[in-house]
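Please look over the structure below, then read the briefing on its cavities and on one pair of helices.

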Amino acid sequence: MRNKKLRKSGLDFTVSEGLSSLSCSCGRGIMAARFCGLLVLLTVCVGGLNASRLAVDQELSDIFDELWRLDKNRLTPVTDYNISVQGRASFVNPGSHVVRDYALQPLFSDVNENKLANTTTYSRFIKLLNNYERSTGVAEQVTAEERTEIDLFLDAVLETEVMKRAHRYLVSKAKSNSDLRRFKSQLYLIWFNFYHRQRNAGLDSCGFEHVFVGETRSGTEIIGFHNWIQFYLQEKSTHLDYKGYKGRNFDLPDQDDHVLNLQFSWHGLVKPVGSTFIGTSPEFEMAIFTIVFLRSTERSTTVLVNIDQCQIELVVIRHGRSLGTAYPKLLSSNSRHVGQQHSR
């Protein structure tokens, strides 16, 4: 967000500076200056609008659709879990702790915990969730037991067909080494390498903690927290309160949607707009975000993809050679985007 503000302020400064310099020359130049300034402004704005309309990345859509089909550990709506999206959440200013609740019931009414406990990637994933300090600015300390838990989790992920296919794809693009041990080290660096998220603090964050566990910053806001398993477990323990879904009036989410934009409170703080996959396995989420991360060297990358019946923006932001954040943003579900495209 800071980059966008800087760019916007830079644009305002450039245009106004141009108007001032041109209007200083003579009285007749004032109208010309205003006209030129208006043209510059219109050109930049129109260009920005066009740039914001992402085209669907078909190559990524194809590989992610394949990973989706390979995700045998994905939970099935109604069979393995039930959600109740309830009401549409209202606008909340960032940093505000006052929010109206449009969901009197929890998001998850039930989840097949036997499947979570008996599926290796899920059970090992859940063991990692209590290994982190919630607040940024507090240095993380990794014990030998916690390091072993990370190794076992990565081993389990690497044994899945989802991550095996993702690995082959990355090798074909010369983004990863074919050696499995080196690929495991690469995943560790991306997801589990600690770095400074808050200045003048110790090594207080990593990609896994931010995306899958969630963090708080300065005791005023929730950052990260984009995983449905952590959401369910925190909701079950009453640390989290679902406030409603976020979306357009004409695009209502269904209980079988696998991506949800939502609002919630956690330990007394409010996340005005969050997003998460629903029911997907840890290996699937790690695989797609790892691919997006490695395909680009830009600090911030947004791709538009079609997965199953959903059109989704995937956002990945780097923190050096590690992951800063990654999350999905649902644009349309149940193939509604297909009808919209055909009607144009």
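**Cavities and a helix pair**

W68, H258, V259, F277, I307, D308, C310 and I312 line the second largest cavity. This is a predicted model, in which local features need pLDDT of at least 70, side-chain atom pairs count only at pLDDT 80 or more, and totals for chains, interfaces and linings use all residues. Residues are numbered from 1 along each chain as its sequence is written, and side-chain values use heavy atoms, leaving out hydrogens and water.

**Cavities**
- A cavity is a set of points on a 1 Å grid over the protein atoms alone where a 1.4 Å probe fits but cannot get out, and lining residues have an atom within 4 Å of a point.
- The count comes to 2 cavities of 30 Å³ or more.
- The largest cavity has a volume of about 60 Å³, and its lining includes N131, Y132 and E146.
- Helix 6 and helix 8 (180-192) each supply at least two residues of that lining; helices are DSSP runs (H or I) of at least four residues, numbered from the N terminus.

**Helix 6 and helix 11**
- The axes (lines fitted to C-alpha atoms over the stretch in contact, with angles from 0 to 180 degrees between N-to-C directions) of helix 6 (residues 144-158) and helix 11 (residues 282-295) come within 10 Å and cross at roughly 85°.
- The two helices are therefore roughly perpendicular to each other (65 to 115 degrees).
- F153, L154 and V157 of helix 6 make the contact with P282, E283 and M286 of helix 11 (heavy atoms within 4.5 Å).

Definitions and conventions:
Angles under 35 degrees count as roughly parallel, over 145 as roughly antiparallel, 65 to 115 as roughly perpendicular and the rest as oblique. On a 1 Å grid over the protein atoms alone, a cavity is a set of points where a 1.4 Å probe fits but cannot get out, and a pocket is an open set with protein on both sides within 12 Å along at least five of seven lines; lining residues have an atom within 4 Å of a point. Grid points are joined across faces, edges and corners, and a volume is the space filled by probe spheres set on the points.
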